Amino acid sequence: LKPPRLTCPAASHSDLSVSKAMARLFAACAATAAALAAVEAGVAFVAPGARAPSVAGRISGSTASHAEESSASTAGWGFAAAGIALGAHAGLAAAMRGRGTAARAEAEKAAPVKKYVESVADARLFETVYLQYTSEYLKGPLYWHEDKLQGALPDYPGEPMIKNGKQTSNVLGNLKSFSSNELAFLAMLFFGIGLYGNLQFLFYDPQWAKVDAGGYFNASYIVESLLLPISFFMHIACYIQRQNGK
């Protein structure tokens, strides 16, 4: 018993591509030869004197006519060879191009389809676009709600104060454009100035004793002491901006 003959799909595909390329080459050569024959026949029909010299010319210059016919024949064979070479190159180029196209198509079919995974940038873009769309819709007259009445809604449409259970930057009012680092700097600065004003007013330079003695309060201590509670709110604003990633 003979063992079963194994065939390689890649080899059969390669042989098929080569046979197709040879067939295209032969077809291109035949077309080129036919075109050259047609051109030569047309030239002979339009200008027969160029191909068939007169009887007097043949009698007077047989040697010259023979040389001309030899040169014309040589030129014709040269054109034919050039045409065959061009046709062969064109056929090979077409075959290689077709083979490359087929290989790319097979590679694209064999490539697995990647599943889309939403990235952080895509999620943020969707959230931004969705928020803008809903904000403009809420502002328009097509959406009516009793909370849109004057004084009933704590925040403006498109500027929510609480989102996903967290306070947004809109609760800070005019401070929403400040970053957390800037607010932290202001909190520490106001805390230092306010602590200095209170210590000076109460301990290091007592103002009540000065007033009892008939003097006046130092107004700078009073202004500086007011910055101490403001620093506390700056600290809260810094925390909110830090939670919002700003």
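These are my notebook entries on a predicted model of one protein chain.

**Ground rules.** I number residues from 1 along each chain as its sequence is written. Because the model is predicted, local features need pLDDT of at least 70 and side-chain atom pairs count only at pLDDT 80 or more, while totals for chains, interfaces and linings use all residues; side-chain values use heavy atoms, with hydrogens and water left out.

**Entry 1, the overall layout.** I began with secondary structure, taking helices (H or I, at least four residues) and strands (E, at least two) as DSSP runs numbered from the N terminus. The protein chain has nine helices and two strands. Read from the N terminus, the order is α-α-α-α-α-β-β-α-α-α-α.

Next I looked up burial, where buried means under 20% relative accessible area, exposed over 50%, and partly exposed in between (1.4 Å probe, protein chains only). Of the 246 residues in the protein chain, 14% are buried. The chain exposes about 19200 Å², and carbon and sulfur atoms supply 67% of that; accessible areas come from the Shrake-Rupley method with a 1.4 Å probe, and for residues only the protein chains shown count as cover.

For contacts I used heavy atoms within 4.5 Å. Among contacts between residues at least 6 apart in sequence, 63% join residues at least 24 apart.

Which residues of H6 are buried? I found Ser 180, Leu 183, Leu 186, Ala 187, Phe 190, Gly 194, Gly 197, Gln 200 and Phe 201. Their cover includes helix H7 (207-212), helix H8 (219-225) and helix H9 (227-243).

I counted a core as a set of buried Ala, Val, Leu, Ile, Met, Phe, Trp, Tyr and Cys residues joined through side-chain atoms within 4.5 Å. The largest has ten residues: Leu 172, Leu 183, Leu 186, Ala 187, Phe 190, Leu 227, Met 234, Ala 237, Cys 238 and Ile 240. H6 and H9 are the elements that give two or more residues to this core, and H9 supplies the largest share, five residues. Leaving out residues up to four places away in sequence, Leu 172 touches Leu 183, Ala 237, Ile 240 and Gln 241.

I then turned to Gln 200, which sits in helix H6. Gln 200 counts as buried because its relative accessibility is 15%. Its side chain makes a polar contact of 3.0 Å with the side chain of Tyr 221. I took a polar contact as a pair of N or O atoms within 3.5 Å; within protein, one must be able to donate a hydrogen and the other to accept it, and residues adjacent in sequence count only if both atoms are side-chain atoms. Setting aside neighbours within four places in sequence, Gln 200 is in contact with Asp 205, Pro 206 and Tyr 221.

**Entry 5, aromatic rings.** Rings of Phe, Tyr and Trp (its six-membered ring) pair if their centres lie within 6.5 Å; planes under 30 degrees apart count as stacked, over 60 as edge-to-face and the rest as tilted. I got five aromatic pairs by this rule. One of them, Phe 126 with Tyr 130, is stacked at 6.0 Å centre to centre with 20° between the planes. These two are four residues apart in helix H5 (residues 120-139), so about one helical turn separates them.
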